[in-house]
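I opened this entry to look up the pockets and the ligand. My notes follow in the order I made them.

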Amino acid sequence: MATAHKAPDVARDGAAAAAVVTDITELEAVFDAAVAADERIEPRDWMPDAYRATLVRQIAQHAHSEIIGMQPEANWITRAPSLRRKAILMAKVQDEAGHGLYLYSAAETLGVSRDELLDKLHSGRQKYSSIFNYPTLTWADVGAIGWLVDGAAITNQVPLCRCSYGPYARAMVRVCKEESFHQRQGYELLLALSRGTPEQHAMAQDAVDRWWWPSLMMFGPPDAESSHSEQSMTWKIKRHSNDELRQRFVDICVPQAESLGLTLPDPDLRWNEERGEHDFGPIDWSEFWSVLKGNGPCNEQRLTQRKQAHDEGAWVRDAAAAYAAKHSDHDKDRRPAAPGTPAEATA
Ligand code: BYC
């Protein structure tokens with residue numbers, strides 16, 4: 001956005017700049033025009049409080065999903081069937097931690113601290129994706145998560161690369177590149193199982209049967225029940241509705257399931273010539289809302305484990321802070337005095 005529209009600059013540059021942008025209505029008009037013109041809103045730009053709050057909610061929920069999402073997959077690192085599979089899975093789980101870091105950093109540009117966000121996650125005041133409240137019962141679940149869960153994440157997140165808020169959009173570019181690799185590894189893992197022994201094929205099918213419906217729920221409630229979609233789409237935070245993205249995902253998965261030699265567990269799934277899309281069966285939304293209320297199979301376990309990991313990591317945070325403080329003192333001592341500064345002023 002143009003410099004004259006940046007609220008913090010108004011404060012900094014004093015009366016002259018304040019005269020350029022006088023009241024909230026004008027700031028709002030400038031913001032709306034920037035969004036309408038597909039310009040990016042940047043951290044120092046003025047933005048409505050509700051826009052900021054919506055972004056904090058969504059980005060925080062996204063960041064929390066990335067780090068909680070490490071748990072179900074990490075469950076299989078020690079039992080991966082080969083060194084190659086283990087190395088791939090470890091790399092993927094580390095990528096998820098990295099995604100969490102980009103996203104927490106993006107949220108911090110909106111004026112919230114990471115400590116505050118983690119505190120809200122740990123106390124249940126902020127959510128993470130419903131999908132991570134389901135258990136990973138067999139090795140095939142690692143493949144199903146890669147294919148379906150990362151596949152759903154990409155479908156949802158590619159449009160977020162065009163989100164109106166700059167730091168979130170830019171974080172999404174790298175996240176999506178890595179998610180594509182994750183999706184491919186899941187597909188390849190399932191393909192190997194599907195083409196393996198009858199037991200391995202059955203294990204892959206069972207995993208797909210259990211992960212299919214929760215993956216469709218990841219896109220959020222139906223449009224009619226989505227409280228934030230309309231406003232988020234007006235602000236161009238979201239570019240498509242929940243139902244649009246869910247439909248896109250179904251259409252992508254059907255031919256992929258055929259290539260995998262696996263069946264999607266929906267007897268109503270069929271091509272609709274007229275609509276040019278697949279019809280699919282009803283989603284059990286009562287299950288979704290129940291998981292959101294904390295009653296999914298793993299809600300308690302995920303949060304307990306997260307809090308424990310946070311507590312056990314306290315010494316690392318303390319050590320990093322002490323190290324940073326020591327080096328900042330050290331740097332201060334070594335910094336040369338500005339030319340002409342009296343010696344006692346720098347002592
Ligand atoms: N789970 O008005 P709506 C990943 C909540 S994982 C939990 O449609 P919105 C990955 C919603 O917060 C994927 N809660 O909301 C990581 C709202 O609650 P409140 C993470 C959900 O925000 C590791 C209420 O339901 N990706 O990437 O407009 C390994 C009404 O919903 C869910 C993201 O977070 C859900 N599934 O749209 C592998 C993407 N759905 O606050 C993969 C970014 C809805 O009113 N987020 N709720 O109490 C988004 O795109 C949007 O936030 C959503 C929801 C599409 C998810």
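Predicted model: local features only at pLDDT ≥ 70, side-chain atom pairs only at ≥ 80, totals over all residues.

**Entry 1**

I began with Q61, where an N or O atom of the side chain is 2.9 Å from an oxygen atom of the ligand. Next I looked at K127 and found a polar side-chain atom 2.6 Å from a ligand oxygen atom. For S227 I noted a polar atom of the backbone, 3.0 Å from an oxygen atom of the ligand. I then looked up the area: the ligand taken alone exposes 1,000 Å², and the protein buries 91% of that.

**Entry 2: the shell around the ligand**

Which residues come nearest to the ligand? I counted 33 residues around the ligand, and the nearest are K127, S226, H228, K238 and N242.

I sorted the shell by residue type and got 12 nonpolar, 14 polar and seven charged. Helix 4 gives the most to this shell, six residues.

**Entry 3: the largest pocket**

Where does the ligand sit? I found that the space it takes is the largest pocket. Two or more residues of the shell around the ligand come from each of helix 4, helix 8, helix 9 and helix 13.

I wrote down a volume of about 1,100 Å³ for the largest pocket. Its lining has 47 residues, and Q58, Q61, S129, M218 and G220 are the closest to the centre.

Helix 4 (49–68), helix 6 (83–108), helix 8 (140–157), helix 9 (166–194), helix 12 (242–260) and helix 13 (285–295) each supply at least two lining residues. By type, I recorded the lining as 18 nonpolar, 17 polar and 12 charged.

**Entry 4: the second largest pocket**

I then turned to the second largest pocket, with a volume of about 540 Å³. I listed 21 lining residues; closest to the centre are I67, M70, A97, R306 and A309. Helix 5 (70–74), helix 6, helix 7 (114–122) and helix 14 (299–312) give two or more residues each to this lining.

Which element gives the largest share? I found that helix 6 does, with eight residues. I recorded the lining of this pocket as 11 nonpolar, six polar and four charged.

Definitions and conventions:
Residues numbered from 1 in each chain as written. Heavy atoms only, no water. 1 Å grid on protein atoms, 1.4 Å probe; cavity = no way out; pocket = protein on both sides within 12 Å on 5 of 7 lines; lining within 4 Å. Points joined across faces, edges and corners; volume = space filled by probe spheres on them. Helix = DSSP H or I, 4+ residues; strand = E, 2+ residues; numbered from the N terminus. Nonpolar A, V, L, I, M, F, W, Y, C, P; charged D, E, K, R; others polar. Near = heavy atom within 4 Å. Polar contact = N/O pair within 3.5 Å; in protein donor to acceptor, adjacent residues only side chain to side chain. Areas by Shrake-Rupley, 256 points an atom, 1.4 Å probe, with all protein chains shown as cover. Sits in = over half its atoms within 2 Å of the grid points.
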